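Colleague: Please take a close look at the side-chain packing in this model, and go on from the rings to the space between the helices. Give the cut-offs as you go.

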Amino acid sequence: MSSNERTGLYVESTIIMTTVRVVAPFVLTFALFVMFHGADSPGGGFQGGVIAGSVVMMLAFAYGIDAAREWLDVRVVATLASGGVLTFAAIGLGTIVLGGNFLEYHLYEQYISHVVAYAIELVELAIGGIVASVAIGLFFLLAAGFGHAVDAPEDES
């Protein structure tokens, strides 16, 4: 069977599509809850990011991977990852510029009151964005399969 004769695995189901449409906003809200409460309770950026990434995977399973890939542009995923890295680095390296150690939040207190809580939440959100974008990227990469790598002609040099 050639790659053109393969049938897709996606089967449209009204029940699954409706369920995902109802559940997805609650799961995304729970992901944000886990990220915001990571400093005070179990959870955090990593766990919340995985939950947020699973929302995109649920949408892909319900509506098809190609539809999800069209809906969520790769530039959005890359922007989410790079924004998370830049936010984390800016907060962490800013304390070094102020004469402290990496992520020594209290050094910002001279500029903003209660900054420790805000800085921790921003770092958790940054980590969540990085983890969600990596999970989404890996999912789309694995969903694309390895057919394009096998079908590509080898370089004869």
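Modeller: The model is predicted, so local features need pLDDT of at least 70 and side-chain atom pairs 80 or more, while totals for chains, interfaces and linings use all residues. Residues are numbered from 1 along each chain as its sequence is written, and side-chain values use heavy atoms, without hydrogens and water.

There are 4 aromatic pairs in the structure (Phe, Tyr or six-membered Trp ring centres within 6.5 Å; planes under 30 degrees apart are stacked, over 60 edge-to-face, the rest tilted). The F139 and F140 ring planes meet at 50° with the centres 5.7 Å apart, so this pair is tilted. F61 joins F139 and F140 in a cluster linked by ring pairs.

As for the space, the second largest pocket holds about 300 Å³ (an open set on a 1 Å grid where a 1.4 Å probe fits, with protein on both sides within 12 Å along at least five of seven lines; lining atoms lie within 4 Å of a point). Its lining has 18 residues, with L28, A52, L80, A132 and I136 nearest the centre. Two or more lining residues come from each of α1 (14-36), α2 (45-63), α4 and α5 (helices are DSSP H or I runs of at least four residues). The most come from α5, which gives 5.

In the loop between α4 (74-97) and α5 (115-144) sits L98. L98 is partly exposed, because its relative accessibility is 31%.

Methods: Buried < 20%, exposed > 50% of the residue type's maximum accessible area, 1.4 Å probe, protein only. Points joined across faces, edges and corners; volume = space filled by probe spheres on them.
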